[in-house]
Amino acid sequence: VSRRWEGFAAWLDHRTGLQTAVRSFLYEEIPASSGWRQVLGSVAVFLFLVQAFTGALLAFNYAPTPGDAYNSLRYILTELTGGRLMRGLHHWGASMMIVVVALHMVQVFLYGAYKKPREATWMAGVALLLLTLAYGLTGYLLPWDNRAYWGTVVSTQIAAQAPVLGPYLARLLGGGGAVGVITFARFYGLHVLLLPPATFLLISVHIYLVRKHGVAPVPGDDLLPRKQFYPAQVFRDSFAIFVAFAILFTMAAAVRVPLDQLADPSDTTFIPRPEWYFLFLFQMLKLMTGPLEALGSVVLPGLAIVALTLTPFIDRGRMVKVTRRTGAIAFVALAAIGWTGLTAAALATKPPEAPAAEIDYSAPTDWMELSPEELAGVAYFRQENCAFCHAAGEGPSKLGPDLTRVSIRKDAAWMIQHFKRPSAMRPGTSMPPIQLSDAQLNSLAAFLLKLNPQNAAALQNAPDFATRGAVIYQTGLCGSCHMVNRVGMDVGPPLNGLSKRRARSWVEQHFADPAALSPNSIMPPYRLSPKDLDNLTSYLFALPE
Amino acid sequence: MQDASIPRQPEAGLARRNFFVVAIYGIWGLIAAALSVPAFVYLFFPPKVRRESEWVEAGDTASLAANQPVEMVFRRNRVDGWKVVSEKDTAWVVKHADGSVTAFGPQCTHLGCAYHWEEGKNEFVCPCHNSAFNADGQVVGGPAPRPLDRYDIRIQGDKLLLGSLRRSSGGPA
């Protein structure tokens, strides 16, 4: 068998050169000093491939338009087996790639491996660092939740501040400061169409250059015999990749990546904060105000990138032992202290979460305690089949948000606008408009405002006769004379405890002809269908004292 | 290939090399499995099912006359990925002599054309290939291989609630 296989390999190699190529790749000679410190580049390439793989899988179930983006990501997270893991791998993989790329760069910098003739290798590496950051910036918008939206509002406005180029950048990123469909399409296009091929190309150039010049030796290496890449160094690379992958997989499986609420451009309470690796820039901007702002947001980072790119031409000394590169060590130490300090300051000044809307979890705890208006809301909630898309408290996650969640609570006016034209208040939502009158929508909103995770089940347990009775109570405007659960007017007698005071037949006759039974009453007669009369009376009789 | 920098016994060098090769294959095998198994599950497992409120109100049964099929049009929600689409659907509803009610799916069991009720013949007739069914949905003529499909039904008061459409048995599949 092995003879056959060798024959086939030789045949294939003769046609494609595959075996020769693999051999020359694996049996590349590397300096004697090579070892664990060279593994970071391989880990970075591996993480990039994982990003490409998980990114493609996410794209199979993701709709890249605002609104749909959010809904489809929710679908991936809540409906698809393994969806949360895929997103976790992609999210934490991005953070990890930044870490590994930065460490790779620090290692190369400390050893001075960028020196002649490896200047171009270094510059391709700087370009790859910038591409990695560009993925982070564009990918941040794609979930289209509040974090994504507001984070991108800030980053596009920073881009617009750039001297000379600012207006063009703003135009390129989809308009003057407003983040909408155009910006989204551009970010998505960059993230999946432009950046990946650019990265593949630059990685190829980078690796080609590494191979062309050979792994950078350290002083003394030329006295020692060279080693082969395979298998010792391939093992080290593989082992480092394995450790990185194990950490990544554990994080993806164990640490939940939050999905905030759907992007809400009208939300004035949301405080955007960037991803952790951009926090130092964010903090630096706080220190530079007024005319200094553009300096901190654009000029300084721009200069830093230029200086980083030109490093091989700034430091042109001969290659020396790493322990004697005191200048480089001091520079890395200072940069690390500066970065850590700014990031720590940003974390320390993190504003407290906006105080959650005050919700009274103690009351009401039963449908009988709801006002007639709120109880009528239960009827509309059922009639409109809201529960098809929305969970309320317990139960499996559904298409729409859980209605007991604090974060989606708004005031009644907002809710009614939202019911009438959902997409006007929440761009991109897939919720259909609710075709009800204003009074009915008021009821629905009043009920939803009373819902909380503790009482949702109890409030929705209301029997049909009660909710229908409450609807009749509302449409009959009974509340303009009577009081139920201390809501309503004080003209007629309060209706709580009616069952203790009157017989059912008396109440039913009284609706038809109040004057006959209570001569001084100003109550008008009500012509109710037998069913309505039954529901309303049953409802009133169920009221507690 | 042994580490040329450190002179060593050939056997020791070979053992070391074998360990590296085994470890390399092992590591990449593990990584490939840890990525491909979740990817397979993610792509091939069906979405978690959310089937609730499947019963839709189709119409009123009180107004039905015995053995006079009526076409009822209703809207039902269908889950399509992350969306719920509201679609128009129809059912042919028959009240039988004994008062029981049946709701038939609107398509002929031959090739899926829409059939209709012919008053004069007292039959459901499919215009495509002249399949005919009686008011119980049984085939009485034409190429149709099996009786009409039926909806699951529930009656609440006078309201007719329809569930899922069940494929009828009988005839070739």
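Predicted model: local features only at pLDDT ≥ 70, side-chain atom pairs only at ≥ 80, totals over all residues.
Biologist: In chain A, where is confidence lowest?

Modeller: The mean pLDDT of chain A is 88, and 95% of its residues reach 70 or more. Helix α3 (residues 40-59) of chain A has the highest confidence, at a mean of 98. Confidence in chain A is lowest, at a mean of 76, in helix α17 (residues 422-425).

Biologist: What should the 15 residues of helix α7 of chain A span?

Modeller: Helix α7 of chain A covers residues 146-160, and its end C-alpha atoms are 21 Å apart. The expected span is 1.5 Å times one less than the number of residues.

Biologist: Which helices do the buried residues of α7(A) pack against?

Modeller: The buried residues of α7(A) include A:Tyr149, A:Trp150, A:Val153 and A:Thr156. A:Gly151 and A:Ala159 are also among them. The packing partners of the buried residues, both in chain A, are α8 (166-172) and α9 (181-213).

Biologist: How many bridges join strand β9 of chain B to β10(B)?

Modeller: Strand β9 (residues 150-156) of chain B and β10(B) run antiparallel. One bridge pairs B:Ile155 with B:Leu160 in β10(B). The hairpin has 2 residues between the strands, and B:Gly157 takes a positive phi near 65° there. The number of bridges joining β9(B) to β10(B) is 6.

Biologist: Why is the pair of B:Tyr115 and B:Phe124 edge-to-face?

Modeller: The structure holds 35 aromatic pairs over all chains. The ring centres of B:Tyr115 and B:Phe124 are 5.2 Å apart. Planes over 60 degrees apart count as edge-to-face, so this pair is assigned by its angle of 70°.

Biologist: What is the relative accessible area of B:Phe124?

Modeller: B:Trp117 and B:Phe124 also form an edge-to-face pair, at 4.8 Å centre to centre and 70° between the planes. B:Trp92, B:Phe104, B:Tyr115, B:Trp117, B:Phe124 and B:Phe133 form one aromatic cluster. Within it, B:Trp117 is buried, with a relative accessible area of 9%. B:Phe124 is also buried, with a relative accessible area of 0%.

Biologist: The ring of which residue lies under the charged end of A:Arg211?

Modeller: A:Arg504 lies over the face of A:Phe541, at 6.0 Å from the ring centre. The charged end of A:Arg211 sits 4.1 Å from the centre of another ring, that of A:Phe25.

Methods:
Residues numbered from 1 in each chain as written. Chains lettered and ligands numbered in written order. Heavy atoms only, no water. Helix = DSSP H or I, 4+ residues; strand = E, 2+ residues; numbered from the N terminus. Buried < 20%, exposed > 50% of the residue type's maximum accessible area, 1.4 Å probe, protein only. Contact = heavy atoms within 4.5 Å. Pairing = 2+ DSSP bridges. pLDDT = per-residue confidence, 0-100. Phe/Tyr/Trp six-rings, centres within 6.5 Å; stacked < 30°, edge-to-face > 60°. Lys NZ or Arg CZ within 6 Å of the ring centre and 35° of its normal.
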